[in-house]
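The stops below are given in the order in which to select them.

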Amino acid sequence: MCGVVAVIGKQYASQFVVEGLKKLEYRGYDSAGIASLCGGILQTVKSEGKLTNLINNLSQISNANLYSDSKISIGHTRWATHGNISVENAHPLTSENRVAVVHNGIIENYENIKNNLISEGYVFKSQTDTEVLPHLFMKYIKLGNNFLQAGRLVLQEIKGAFAFVAMSLDFPNELFVSRNSSPIAIGLGDKCNFVGSDARSIDHLTQKIIYLEDGDYALVQSNDVEIFNKNEEKANRKIINIKAEIGLVTKGGYKHFMEKEIFEQPVVIPQTISPFMNGISEIKIDLNKFGFKNKNTLLIAAAGTSYYAAMVGKYWIEHIADLPVIIDLASEYRYRKPSIFGQAAMLVISQSGESLDTLMALRHGKELGLITNAIVNVEGSTIDREADFSLHTRAGSEIGVASTKSFTSQLVVLFIIALALGKKFKNFKLSQIQKYSNYIHTLPSAIARMLNMENEIKSVAHNIKNAKSIIFLGRGLLYPLALEGALKLKEISYIHAEGFAAGEMKHGPIALIEDQVPVIMFLVSDGNEDKAISNLQEAFSRGAQIILIADKECIKKAPFAHFKIEIPNFETDFKYFLSPILMAIPAQLLAYHVANERGTDVDQPRNLAKSVTVE
Ligand code: G6P
């Protein structure tokens, strides 16, 4: 999703902006650009596609001094919303070559503003909503306003969710920065200052960060940052010290970040577990604080992979704690009038902590009077800051767009919550809870054993890489994994894939089965495995190519399967309860190897963004 970076007061500003844009690449984008003040002119360079195209363009432009001369520069990676992918629509957008703006989000009332500006003689060169911003600035500057006053007047006109940075030839020592819902961070340097969509995009320049709050705007100069709140009063925002994550952004010998992140799971899972456990089996979660003084219904909202984690969480919490759980897609919850009958708290789940749908769901829950909790990976992200209480997954930076280690880390936290609730409401015997708590510590080695299945998964991947459509099936705790397996595969290999609850096949999806369609099932013996195997048999009888990833017992019961991949041997209860975490590994490896064989852009798949900051 769009990313912005800006530098003021530092020599080689445009070079540092490009460095920052590289750090935002993981969010997904389709074009990029920068604007710098250089030799008394506003120089804008933009290109479609990857940053390497922009860097090539920059090195070819006639003004060879751009890199060394500029002390003020803004840059952008664009993920198209309004207007197709083109150089014209790439940011920065300019007005009369005197004002340039980079913007993340959507100006919802841009059409009216655009029509008015056109009638006043402004010429639009792009199809974007953003272009109204530089023209509005230009209009108010021409009317005699200084940059700060012009910015205030712009903000009075626009509606929507946005974060933008503006610069002007008329005010060469100032940046105007504003935020409404979309995230933005200001970095403080020595006689220079910085702006970025997240702290990481500017952590090569400073470790002192201020996060703007909703409705805030700021005038940033090289030696001063003035922040105002939505009531136009001066605001003091906390300065946070972040640690630079040097080293984490390398592939560490792997071909792709996604592959590295899959193999990091045995390391990040214990990191995630340790803050929640005292010793081997005592769980450290203050449930009263989270809104669980009494037995209430829990609402969980999330998007994408995080939503599938929520689905697993529902199964666990209902089974282990006998507590009703409602799960909702964040993008749906926000625009309904949900009943909060019997609810006291909500939980949102987000890797990035910036998904706008999830943030809006959290705010909606807050307005409805719920205590808001969040499972979030990025500390300091908007959701982390706005939730009443956060539980952090410590998966480290996840660069690949397809979520892998964050998903299993989210599952671990959900399992711990389920156990804590089970203990509080005395649903399970204490000895049983203790047994399950001990399981948590054996997870990292179990995941490592699952990773050893890579070669077998590779051979399946090779076999299905040219399929037009692939079906994933699962039942019970592994139904959400069928959905996640299909999502992972379609996200990065672009093969059409759907996940279904195995029992639902006969109610419609079985019509999709034709000769050689791969049908993949994750299965462990849970007492109901015969039912799942019957569902698989139904697909087999209609010509499907059956791929069964299962334990020994289940494999024995399905001799008809074309590919039988046996998972390592684990204790029965462990294998059943933690099957969603275990089976996440073959699901991720399969998607990865299919995509790798097809040669797609695994880490930055087309059209997708890591951090989805528009609704
Ligand atoms: C995007 C990504 C998905 C991710 C979802 C939720 O759609 O492509 O992989 O699961 O956002 O992201 P979050 O950061 O909120 O977990």
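Select Tyr-12 to begin: its relative accessibility is 39%, so Tyr-12 counts as partly exposed (between the limits for buried, under 20% relative accessible area, and exposed, over 50%, with a 1.4 Å probe and protein chains only). The model is predicted, and local features need pLDDT of at least 70, side-chain atom pairs pLDDT 80 or more, while totals for chains, interfaces and linings use all residues. Residues are numbered from 1 along each chain as its sequence is written, and side-chain values use heavy atoms, leaving out hydrogens and water.

Tyr-12 sits in the loop that joins strand E1 (3-8) to helix H1 (13-24); helices (H or I, at least four residues) and strands (E, at least two) are DSSP runs, numbered from the N terminus. Its phi is positive, near 65 degrees, and Tyr-12 is not a glycine. Most residues other than glycine have a negative phi, and most peptide bonds are trans.

Next, select Asp-322, in the loop between helix H9 (304-321) and strand E18 (325-329). Asp-322 also has a positive phi, near 50 degrees. With 42% relative accessibility, Asp-322 counts as partly exposed.

Move to Pro-92, in the loop from strand E4 (72-78) to strand E5 (93-95). The His-91 to Pro-92 peptide bond is cis, with omega near 0 degrees.

Finish at Leu-51, in helix H2 (residues 51-60). Is Leu-51 buried or exposed? Its relative accessibility is 3%, so Leu-51 counts as buried. Beyond neighbours within four places in sequence, Leu-51 is in contact (heavy atoms within 4.5 Å) with Leu-21, Lys-22, Glu-25, Tyr-29 and Ala-32.
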